[in-house]
Amino acid sequence: MMFLRPKTSEKLAFATLRLSMALVLAFVSIIVIYITVNGYSALSLDFITQMPMKRMTQGGIYPAIMGSLMLIGLSMAFAIPLGILSAIYLNEYSTPGRASWAIEMAINNLAGTPSVVFGLFGLALFVKYFGFGASLLSASLTLALLIVPVIIRASKEALMTVPQEYREASLALGVTKWQTTRKVILPAAIPGMMTGIILSIGRVAGETAPILLTGAAYFLPRIPDSVFSQFMALPYHLFVLATSGTSIAQTRPIQYGTALILLLIVVMMNSIAVLIRRHYRNKLNR
């Protein structure tokens, strides 16, 4: 049996990695270019700031934009503290045993659960049991539960990368464990935690099934006046335009314009998160 030389194996491995990266970039570029080319013509100030009119065949998507932004903001406000605190407990305070193993297994299983299951759970718990009704609050809490496992896993991995010497040096100075966690370990882990938050933002912005069952409205040409109001959202609005009604072909430019706006919002949110991650990474390297 013949074996490749080490240098040949290394070259083959790097060539495979480059090819994989090129394929990913190619597919992403094709999707982005296709949406941009087809949706650019629909973009205008009126399209962004006006209400939908004439059964959503004319007008803008302002309520859907604002509904999506509110949904992302509320979901992340619930999910980020819960996810980070859970990761801190699992990595810094819990002891190895059956309880920790059960929690880890539950988190892994939740991370792989289909989003429609979370939607049904949110419908039963928040809409019906707690009586929040079909509302922005119910949808936000449901999406928060959807992304908490992702944030926990990313945050826990980030905490594990912090050198043990940081903890030992801080505790040797007489600092309490919580102060060590808050002042030493957490700042060092924030750049890694932001990776999970970035992934979560994209998932919250693009989910349709959970909000369809917990609060998204088919047509509601106004801005939610409270967290207990229904709302329009870009992914559900795009789904409605593409699958419902008798004017699907007529609304084709609006569909692509909606997809492009959703893509831009995700890019904007992710860019902010990347800047925050870079800030903390540069701060650690000084």
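**Note on the predicted model: salt bridges, core, patch and one loop**

1. E104 counts as partly exposed because its relative accessibility is 26%. The cut-offs are as follows: buried is under 20% relative accessible area, exposed is over 50%, and partly exposed lies in between, with a 1.4 Å probe and protein chains only. E104 pairs with K156 in a salt bridge, with the closest N and O atoms 3.4 Å apart. The two residues link distant parts of the chain: K156 sits in helix α6 and E104 in helix α4 (residues 98-111), 52 residues apart. K156 has a relative accessible area of 17%, so K156 is buried.

2. Basis of the model. This is a predicted model, in which local features need pLDDT of at least 70 and side-chain atom pairs count only at pLDDT 80 or more, while totals for chains, interfaces and linings use all residues. Residues are numbered from 1 along each chain as its sequence is written, and side-chain values use heavy atoms, with hydrogens and water left out.

3. Confidence. pLDDT is the predictor's confidence in each residue, on a scale from 0 to 100. The chain has a mean pLDDT of 87, and 96% of its residues reach 70 or more. Strand β2 (residues 58-59) has the lowest confidence, with a mean of 80. Helix α5 (residues 115-129) has the highest, at 94. Where pLDDT is low, the predicted coordinates should not be read in detail.

4. Overall build. The chain has 11 helices and two strands. These are DSSP runs, numbered from the N terminus: helices are H or I with at least four residues, strands are E with at least two. From the N terminus on, the order is α-α-β-β-α-α-α-α-α-α-α-α-α. Along the principal axes, the C-alpha atoms fill a box of roughly 70 × 55 × 45 Å. The chain has 286 residues, and 38% of them are buried.

5. Contacts across the sequence. Contact here means heavy atoms within 4.5 Å. Take the contacts between residues at least 6 apart in sequence: 75% of them join residues at least 24 apart.

6. The other salt bridges. The rule asks for a side-chain nitrogen of Lys or Arg within 4 Å of a carboxyl oxygen of Asp or Glu. By this rule there are three salt bridges. R167 and E92 form one of them, with the closest N and O atoms 2.8 Å apart. R203 pairs with E207, with a closest N to O separation of 3.2 Å. R203 is partly exposed because its relative accessibility is 25%. E207, at 13%, counts as buried.

7. Core. A nonpolar core is a set of buried Ala, Val, Leu, Ile, Met, Phe, Trp, Tyr and Cys residues joined through side-chain atoms within 4.5 Å. The largest one holds 56 residues, and I61, M76, I211, F231 and L234 touch the most other members. Helices α3, α6 (136-160), α8 (177-206), α10 and α11 each supply at least two residues of this core. Beyond four places in sequence, F231 touches residues including G67, L71, S135, L136, A139 and I211. In soluble globular proteins, nonpolar side chains tend to be buried together.

8. Surface. The chain exposes about 16,300 Å², with 68% of it supplied by carbon and sulfur atoms. Areas come from the Shrake-Rupley method with a 1.4 Å probe; for residues, only the protein chains shown count as cover. L85, Y89, Y93, I103 and W178 form a nonpolar surface patch with about 500 Å² of accessible area together. Patch residues have over 30% relative accessible area and no salt bridge; like charges are joined within 9 Å, nonpolar side chains (Val, Leu, Ile, Met, Phe, Trp, Tyr) within 5 Å. Helix α3 (residues 62-93) gives the largest share of the patch, three residues. L85 lies in helix α3 and, with a relative accessible area of 52%, is exposed.

9. The α10-α11 loop. T251 lies between α10 (234-243) and α11 (252-285). At 3% relative accessibility, T251 is buried. Beyond neighbours within four places in sequence, T251 contacts M56, T57 and L241. S244 is in the loop between α10 and α11 as well, but is partly exposed at 27%. S244 touches Y218 and F239, not counting residues up to four places away in sequence. Its C-alpha atom is 19 Å from that of T214, 30 residues away along the chain.
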